[in-house]
Amino acid sequence: MPELPEVETVRRGLQPVLEGARIARVEARRPDLRFPFPERFSERLTGKTITALGRRAKYLTMHLDGGPVLICHLGMSGSFRIETADSSDLPGVFYHERSKSAAHDHVVFDVVSPEGGRSRVIFNDPRRFGFMLFAEGLVDTHPMLAGLGVEPTGNALDGALLASLLKGRRSPLKAALLDQRLIAGLGNIYVSEALWRAGLSPLREAGTIAKAGKKAGEQAERLAAAIRSVIADAIAAGGSSLRDYMQTDGSMGYFQHSFAVYDREGEPCSKPGCGGHIERIVQSGRSTFYCRTCQR
Ligand SMILES: [Zn+2]
C-alpha cells in the first residue's frame with residue numbers, strides 16, 4: 001500500500017502536466033475500480049481546466065474550474081503514468097512505453113497544456129483497490145476526508161499538538177500513531193521509522209508521552225520532529241517503494257534503501273553506540289520493527 005510520501009511524490013510528478021491543463025478526453029475502461037465510477041464520469045471532466053492538484057492524507061484531489069473535485073486514491077497497487085505527445089511531427093500520437101500490465105490501464109486522461117502540448121495520463125491498477133470519486137463543494141467535508149486528523153507534513157504537528165492527541169490514550173503508541181483520525185496518512189513503515197528516530201518503544205502506552213512534566217514534553221517534541229523528518233526525508237527521496245509501486249515516470253522509488261528498521265529484522269541497530277538488534281514483532285496483526293535496546 002503506497003504511503004503518504006509515495007502519494008506526495010505522485011502528486012509532484014503529475015503537477016507539472018496537470019495543473020493549468022485542459023482535459024480534452026477521459027476514458028474509463030471499466031465500470032468500476034474499488035467503487036463504481038461516478039455517474040457521467042467522463043462527461044463531467046471533459047473540457048474542464050485543472051486549477052490545482054492537491055493532496056490530503058493519501059488522497060489526491062484534482063480541482064476543476066467550475067466543476068467538482070476529483071478525489072483519487074491509489075489503493076494497493078495504483079499508479080499514474082505520463083505519456084507525452086511527440087510534438088515534433090506527429091501531434092496527437094503518443095510515445096508508448098507500454099508496460100506488460102497495460103491490461104490494467106483503467107483510466108486515461110488526455111490533457112492539453114496552456115501552450116498546446118498534449119499529454120496522456122494513465123491510471124493503472126492491477127488489484128483495483130484504487131478509486132475515483134467526485135466531491136462537490138468543499139473537499140474537506142467529503143465523507144472520505146471529513147474525519148481525517150492532522151497532516152504529518154509541515155509544522156502543524158508539533159510536540160504540544162501531538163501530546164494533546166495522545167493524552168489519556170491507553171493503546172500502544174504505535175497503534176495510536178496509525179489512527180488516521182489523529183494523524184492522517186501515517187502508515188506502518190513510517191511509524192516504525194519515526195519511533196526508532198525518536199528512541200521510543202512502539203509498545204509503550206501512548207498517553208505516557210502526554211503526561212505533565214519535562215520528560216514527557218521532550219519525548220512528545222522529539223516524536224513530532226521524528227514524524228515530520230521521516231516523512232520529509234522520504235518525500236525528498238522520491239517516496240518509498242513497495243514491490244508494485246512505481247513513480248509517475250515509471251522508475252521505482254528508492255527510499256526503501258534508507259529504512260533504519262523496517263524490514264531489517266536481525267540486523268544491528270544503526271544508532272551510534274547502541275549495539276542492539278532490530279526485532280520484528282506483530283501488533284494488531286501488522287509487523288513492527290524496532291530496537292528494544294535504544295527504544296524505550
Ligand atoms: Zn538501537
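**The sheet and a helix pair**

Mentor: Within strand E4, the residue bridged to Thr-61 is Ile-71. Please keep in mind that this is a predicted model.

Trainee: Which residue in E9 is the bridge partner of Ile-71?

Mentor: E4 is joined to E9 by 5 bridges, and the two strands run antiparallel. Ile-71, which is also the partner of Thr-61, has as its bridge partner in E9 the residue Leu-133.

Trainee: In what order do the 4 strands of the open sheet lie?

Mentor: The edge strands, each pairing on one side only, are E2 (50-56) and E9 (131-135). The pairing is antiparallel, and the twist from one strand to the next averages 20°. Read across the open sheet, the order is E2-E3-E4-E9.

Trainee: Which residue in E4 is the bridge partner of Tyr-59?

Mentor: Strand E3 (residues 59-64) and strand E4 (residues 69-73) run antiparallel and are joined by 5 bridges. They form a hairpin with 4 residues between them, where Gly-66 in the turn has a positive phi of about 70°. The E4 partner of Tyr-59 is His-73.

Trainee: What angle does the direction of helix H1 make with that of E2?

Mentor: Helix H1 (residues 4-18) packs on the sheet, where it touches E2 and E3. Angles over 145 degrees count as roughly antiparallel, and the direction of H1 makes with that of E2 an angle of about 175°.

Trainee: How many residues of E4 are buried?

Mentor: In a regular strand the side chains alternate between the two faces of the sheet. In E4, Val-69, Ile-71 and His-73 point one way while Leu-70 and Cys-72 point the other way, and all are buried. E4 is therefore largely enclosed by the rest of the structure, the number of its 5 residues that are buried being 5.

Trainee: At what angle do the axes of H3 and H6 cross?

Mentor: Two packed helices are described by the angle between their axes and the distance between the axes. For helix H3 (residues 159-166) and helix H6 (residues 214-236), the axes come within 8 Å. The two helices are therefore roughly perpendicular to each other, with a crossing angle of roughly 105°.

Trainee: How many nonpolar residues does the contact of H3 with H6 have?

Mentor: From H3, Gly-159, Ala-160, Leu-162 and Ala-163 meet Ala-220, Glu-221, Leu-223, Ala-224 and Ile-227 of H6. By class, this contact has 1 polar residue and 1 charged residue, and its number of nonpolar residues is 7.

Key. Residues are numbered from 1 along each chain as its sequence is written. This is a predicted model: local features need pLDDT of at least 70, side-chain atom pairs count only at pLDDT 80 or more; totals for chains, interfaces and linings use all residues. Side-chain values use heavy atoms; hydrogens and water are left out. Axes are lines fitted to C-alpha atoms, for helices over the stretch in contact, and angles run from 0 to 180 degrees between N-to-C directions. Angles under 35 degrees count as roughly parallel, over 145 as roughly antiparallel, 65 to 115 as roughly perpendicular and the rest as oblique. Contact means heavy atoms within 4.5 Å. Ala, Val, Leu, Ile, Met, Phe, Trp, Tyr, Cys and Pro count as nonpolar, Asp, Glu, Lys and Arg as charged, and the others, Gly among them, as polar. Two strands pair if DSSP finds at least two bridges between them. Buried means under 20% relative accessible area, exposed over 50%, partly exposed in between (1.4 Å probe, protein chains only).
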